[in-house]
Amino acid sequence: MNYSCFAMSINPTFLSLNETWLDECISDEELHLTGYSIIRRARDCFGGGVAVFIADHLQFNLINTETCSNIRALWFELSPLKSKKILFGSLYRPPTSDAFFFSDEIESMLTNYSKNDGETILMGD
């Protein structure tokens, strides 16, 4: 089942895709999914990449992050009405990367991007 059929049948609020193998040669228009906005971080020459489809009715802010050579990560924040902000991270760790390094990088990212008064949701593998 491709992601378009899945989204049409399940109607998720978010759809996080890892190891997309997408690069700059593939436009957002080619990945269009009706009812969703897309944010993504392209793969490097060795694979990987992440993309997140977010339902159009939600307002989100993409958090600009520095790119780490071993991790592909997208961070964005939702500000629901009458609710605390929610930080989302979509993460991909290549199988050849060091798990301890990955853990340290995630901890550093959480320290930099999370707010004390909000929720945090991590997606990925």
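Predicted model: local features only at pLDDT ≥ 70, side-chain atom pairs only at ≥ 80, totals over all residues.

## A sheet, a core and a loop

β4 and β5 (residues 72-78) run antiparallel and are joined by four bridges. Both belong to an open sheet of four strands, ordered β4-β5-β6-β7, with mixed pairing. At the edges are β4 (60-63) and β7 (119-124), each of which pairs on one side only. From one strand to the next, the twist averages 25°. In general, strands of a sheet pair through backbone hydrogen bonds, either parallel or antiparallel.

Phe 76 turns up again in the largest nonpolar core, which has 11 residues, among them Ile 39, Leu 74, Tyr 92 and Met 123. Nonpolar side chains tend to be buried together in soluble globular proteins.

| Strand | Residues | Supplied to the core |
|---|---|---|
| β3 | 50-55 | at least two residues |
| β5 | 72-78 | at least two residues |
| β6 | 86-92 | at least two residues |

Now for a loop. Thr 20 lies between β1 (14-18) and β2 (36-41). Is Thr 20 buried or exposed? Its relative accessible area is 18%, so Thr 20 counts as buried, the cut-off being under 20%. And what is Thr 20 in contact with, leaving aside its neighbours within four places in sequence? The answer is Gly 48, Gly 49, Val 50 and Ala 51. Of these, Val 50 is also one of the core residues.

Note on methods: Residues numbered from 1 in each chain as written. Heavy atoms only, no water. Pairing = 2+ DSSP bridges. Axes fitted to C-alpha atoms, helices over the stretch in contact; angles between N-to-C directions. Core = buried A, V, L, I, M, F, W, Y, C linked by side-chain atoms within 4.5 Å. Buried < 20%, exposed > 50% of the residue type's maximum accessible area, 1.4 Å probe, protein only. Contact = heavy atoms within 4.5 Å.
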